[in-house]
Amino acid sequence: MPVHCSCCDKNAAVLRRPKTGHTLCKECFFWAFEEETHQMIVSAKLFQKGETIGIGASGGKDSTVLAHILKVLNDRYNYGLNLMLLSVDEGISGYRDDSLETVKRNQQQYDLPLKIVSYEELYGWTMDQIVRKVGLKNNCTFCGVFRRQALDRGAMMLKVDKVCTGKAFLQACYIPTRMHFEQFQNIRWDLDPVPLNKYISPISTPLIFLMRF
C-alpha cells in the first residue's frame, strides 16, 4: 500500500524528509523547498529591493537549483532583484565545456543575462596551460584561488551588489583569498556578509540552511 503525502494527503509520497519525518509527494516537496528558502531569505534579510544579484553558475546541480529557485521566488514574491548568471571558464578541456553548455541552456530557460569570464581572459593562462607548467601536484591551489578571484572580477564587470552560490563556496579557495585581502569578517556562510573592501563582492549562500532538508 503506497504511503500518502502527509501535506496534501492526496498524492503518493516520493520521499521522507530526514529533518521532520514528513512524507511528501513531488509537488509538495517542491513547494516546501521553495517556501523554506523564501522564509530564510526574508528572515536573514539577504537581499534588498533593487539589488543586482550575480548567481555563480557552474552548470552543476547546486547552482542550477539556485538559479531556478531565485528566479521563481523573485517572480512570486516580487523581490525586485535584477538577477544575472555569472560563470567561470577555467579552460579545462573535456570538463568545463559541457557544464558551460548547461549554463547556456539555463540562461535561455530562465531568460537571465549571462556573463562568462575565463582564466585566459583574466590571467592570460588557461588551467590546462597552468597544469602543463606546474604539474598535477599543486594545480588545485591555483584553480581554487583563481576561480574565487574570477567571480569577484566578473561581479565588478557586471556591477552586481552580491554574488550568490549554490553551496558554501569551496572553503579551500574562499578562505585564502579573503585572508589575502584581510576580509576576515567575510568568512561567513549563513548570512549576508558586509565587505570591508569595495572591490570585493559580498558572497551569500541562500541554500545553506536547507542542506539537511
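Helices here are DSSP runs of H or I with at least four residues, strands are E runs of at least two, and both are numbered from the N terminus. By that count the protein chain has seven helices and seven strands.

Before you click around: this is a predicted model, where local features need pLDDT of at least 70 and side-chain atom pairs count only at pLDDT 80 or more, while totals for chains, interfaces and linings use all residues. Numbering starts from 1 along each chain as its sequence is written, and side-chain values use heavy atoms, with hydrogens and water left out.

**Whole chain.** Colour by secondary structure and follow the pattern β-β-α-β-α-β-α-β-α-α-α-β-α-β. Of the 213 residues, 45% are buried (under 20% relative accessible area with a 1.4 Å probe, protein chains only; exposed means over 50%).

**Select 61–77.** That's α2, with 17 residues. From first C-alpha to last it reaches 24 Å, close to the 24 Å expected at 1.5 Å a residue (1.5 Å times one less than the number of residues). Show side chains for Ser63, Thr64, Leu66, Ala67, Ile69, Leu70, Leu73 and Asn74, the buried residues of α2. They pack against α1 (26–43), β3 (52–56), β4 (82–89), α3 (96–110) and β6 (162–164). Step just past the helix and you'll find asparagine 78 with a positive phi of about 55 degrees.

**Now the core.** A nonpolar core is a set of buried Ala, Val, Leu, Ile, Met, Phe, Trp, Tyr and Cys residues joined through side-chain atoms within 4.5 Å. The largest one has 23 residues, and Ile41, Phe47, Ile55, Leu70 and Leu83 have the most contacts inside it. Its largest share, five residues, comes from α2. Centre on isoleucine 55: leaving aside neighbours within four places in sequence, its contacts include Leu66, Leu70, Leu83 and Cys164 (contact means heavy atoms within 4.5 Å).

**Select 96–110.** In α3, the buried residues are Arg96, Ser99, Leu100, Thr102, Val103, Asn106 and Tyr110. They cover an arc of only 150 degrees around the axis, so they sit on the same side of α3 (the arc is that of the directions from the helix axis to the C-beta atoms). The buried residues pack against α2, β4 and β5 (114–118). Just after α3, aspartate 111 takes a positive phi of about 55 degrees.
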